[in-house]
Amino acid sequence: MTRECSVLLPGVCAALADPRQPGLDDTCLEKLLDWFRSLTWFDPTVELVQDNPCLAELITSVLALPDPSPSILSFTLQLAGILASSESRFQHLQQEKLLGRLFGQEGPRGSAAWEDASVRSAWVKGVHSMVHHQPALHFLCSTGGMDVIFALQGDPSLFVASAASQLLMHMLTFSLESETSKPLSTKDCDWPACAQMIVKHIEESLQSSSACHIEQSLKLLSSLFGSCFGSCYAAWTEVLWLHIAKQIESFLLEETVQAQPVLASLLLNVARSPVFCGTEGSFWPLVTSALEHLTPVQAGPLAVGLLKLCKCPQDVRIQALTVLLQPMDCILRAASQPLEYAGLLDESVCDPVTVENLLSSKTSCAGLLCQTLAHLEKLLSLKHLRVDLPCVSLLRSLMTILQFCNGFLSPASPLGSTISRNLINCFRVQKSALDVLAALSEKKGCDTLIGTLFDVLLAYLQSPNTTPTVLKKTFQATSKWLVHLQELSCSNSQWQQTQKILEDVFLVLQKRLCSPCWEVRDSSLEFLTAMVKCLGDHKEFRQCLLSSEVLRLTENLLEDAESYVRASAVTAVGHLAVITCFAPESPVTGHQYNKENTIEKLQEILATDSEGFPRRAVISIFTKWLREGCTGQLEDPEQFVSRVIQTVEQDLDWEVRLGGLELVDVFCSQTIWRLSQCPYAPVTSAVTNSTPQKELLQVFCRAKLFGFLFRSLCDCDKPVGQRACDVLIGLRGHFYPVSTLENPQEIEDSPAGRGIAWLQRTLRQGSVAQNFPTDGADGVDFQDAESMMLALGAVDLLELHDELNKSSDHVEESPQSLLQDILATVGTIEDNEVDCY
């Protein structure tokens, strides 16, 4: 602790203990606690409390108050716990007889203050901070603290209950850390004293008749096995599991127990422990029993978790997959009578009637399918799945679900009719099914169904009943499958099928681009952009595009009334231009599609659009064009960049200005690559004055880059200044080796040097200047190559970089400033107006 803080601290403690003072803002108290945590973390010695007796006096004064405010009492409990986190300070506070009055039987847990949840929460947090040495454990066990923590597991406040469970986990783990010996055998109950109390409490709760107590202990066990305990304390983990395994098994067989979801979570966390890597023992049969006895909704999370485990036995893995596929199998079997196609499963894990009943119920049908589909999407995203998914049958089942949802399938079976009625227009299931459908596009073996699949997708794209959200998902799935279709047509010459599907897609897209719903227009443009990115190089795609009205409609949407749509139209037009306007042999003719007109329209949006989204999209597209060399076909990139950044510099949206800096960075990199003798090598002093270097500087000066970059260093939005500094440091690295940087004192006597010195001072002050002076004695000419060469070598860009990367409150957040703020606040009776960091 600094001397300044130690001088201020007694006044702060006195003010906190004074009931006449107004209450402090909770943020101030939290920041004060944070400061004490940092002090005690780095210094475990007793000097902190010995050298600052005001801390013990604060605790004593608060305890002496007949009715302390909950906030001050909570602060005191947490402060005492933090101070008592080291054994030496704990013993000191014990000698002062303070800890018993805070955390013991005579403390607040027996007073009216205990009714306040914030006090109970602070008590738990204080204890948690304190329990980092054995005397603290013994103190709690001997003063009835353990019973209080057990009771708080069921506290009405979820925050308190959660904190109590976390505390018990910490205490059990910590009590084992100091235990050097391992259990002699899995049957021995040689737990350390504190751990013994916790384990005994868990066992008694599991055997009680209280469903609440059972669920609390199961949650505690689940969290415990899911934490580092299960992996770091393998021997103790096995002992604990053997103590409770029989009881867990009985819960699975008792239909009256209401904690099945917690049981699934517990079993999955135990399965992740290295103790149960082998296939022997009773654990995996218990998992198998759980998959059989839990309901499909309860067993789903357990099944998908098991399938992600490397060490899960293969028979259990297959059973877990069967649990997930059962609802999909039921859907497929219900779609036709008699069964037209083979189902997904040869046999079920649980009674198929259970799944049929859930799908037949209006209340449970959508929930079960959404959960199942979400699990299947997770599995499809895994790179290495250790079981084979029946992808063809799964795809057929997904198409059946989608047809049920939009009413395009009339099943003959009674079960299918019931499921169809439950799913009609169910957008939750539609979205989930389309997500899985998109994920299946990357799997092999589904080619035979691709025609039927696109029939289903096109039906959704065409239907007026498809909601905007579902339509967006349909577009995403369609773009994924179009890529797969294009790969197929290249390999097996299915040109006619691909051509027909693309024509149908563009016909639908034309209608959707004219939709009165802006979300639909926006999704359509995003879909078009996605297709251009993936299929723009393919001849069939370009032919279908150019023979449709899509280009004209997309360009019209640049003037849409909705800014999101205008932004998406800008992005689409930008990507379309790459394959139309800027292609080596552009197939597009006519004024409305020429390069000059496209660039002119986008530049007009950048300069005049009232919303930020379209302007951001324009600068992003311009950067893309420049990076891909498109603009060079139309005009000198130097002129293009110069004109764009003069517009961007005046933009009020910081993200547009940041985009301008990205454009400048790309331009600089490309120009250096084009003009330098060796584009990737650092420049040596021998070639610093060579013609390419001079030409480079002149190009950058003519484009007015340096004025934009140096002014951006003082931008009021920090990310802009940081990016400008990065670009300038990159340029300096090209023009100057580290050893040849200019000495500002040596150049300050020249006219240019005086300007550079002024620039350095201005940048250090961080002025938010709209324009730097460019004439007069202190001016800097940002278009003079010699001056800019000096500026790059003399301005301390690394110092600026450090300043720009500092937190904006790096001065005000000091502990001294915090203590001063608190003293200033408690000295008034007005509301807290102090800007406490």
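Which residues of H5 are buried? Select helix H5, residues 70–83, and take a look. The buried ones are Ile72, Leu73, Ser74, Phe75, Thr76, Leu77, Gln78, Leu79, Ala80, Gly81, Ile82 and Leu83. That makes 12 of its 14 residues, so H5 counts as mostly covered. From first C-alpha to last, H5 reaches 20 Å, close to the 20 Å expected at 1.5 Å a residue. Keep in mind as you click around that this is a predicted model.

**Stop two: the core**

Now for the largest nonpolar core, which has 276 residues. Select Trp241, Leu306, Phe700 and Phe706: these touch the most other members. In soluble globular proteins, nonpolar side chains tend to be buried together.

Stay with Trp241 for a moment. What is Trp241 in contact with, leaving aside its neighbours within four places in sequence? Show Phe225, Ile248, Leu267, Val270, Phe276, Phe283 and Leu286, and you have the list.

**Stop three: a pair of rings**

The count of aromatic pairs comes to 16. Pick out Phe225 and Trp241: their ring centres are 6.3 Å apart and their planes sit at 80 degrees, so the pair is edge-to-face.

**Stop four: a charge over a ring**

Jump to Phe613 and Arg616. The charged end of Arg616 sits over the ring of Phe613, 5.1 Å from the ring's centre.

Select helix H35, residues 654–675. H35 has 22 residues and reaches 31 Å from its first C-alpha to its last, close to the 32 Å expected at 1.5 Å a residue. Zoom in on the start of H35, where a side-chain oxygen of Asp653 comes within 2.8 Å of the backbone nitrogen of Glu655.

Then show Arg723, which is found in helix H38 (residues 718–735). Is Arg723 buried or exposed? Its relative accessible area is 18%, and the cut-off for buried is under 20%, so Arg723 is buried. To finish, display what Arg723 is in contact with, leaving aside its neighbours within four places in sequence: Leu658, Leu661, Glu662 and Asp665.

Methods. Residues are numbered from 1 along each chain as its sequence is written. This is a predicted model: local features need pLDDT of at least 70, side-chain atom pairs count only at pLDDT 80 or more; totals for chains, interfaces and linings use all residues. Side-chain values use heavy atoms; hydrogens and water are left out. Helices (H or I, at least four residues) and strands (E, at least two) are DSSP runs, numbered from the N terminus. The expected span of a helix is 1.5 Å times one less than its number of residues. A polar contact is a pair of N or O atoms within 3.5 Å; within protein, one must be able to donate a hydrogen and the other to accept it, and residues adjacent in sequence count only if both atoms are side-chain atoms. A nonpolar core is a set of buried Ala, Val, Leu, Ile, Met, Phe, Trp, Tyr and Cys residues joined through side-chain atoms within 4.5 Å. Buried means under 20% relative accessible area, exposed over 50%, partly exposed in between (1.4 Å probe, protein chains only). Contact means heavy atoms within 4.5 Å. Rings of Phe, Tyr and Trp (its six-membered ring) pair if their centres lie within 6.5 Å; planes under 30 degrees apart count as stacked, over 60 as edge-to-face and the rest as tilted. A charge sits over a ring if NZ of Lys or CZ of Arg is within 6 Å of the ring centre and within 35 degrees of the ring normal.
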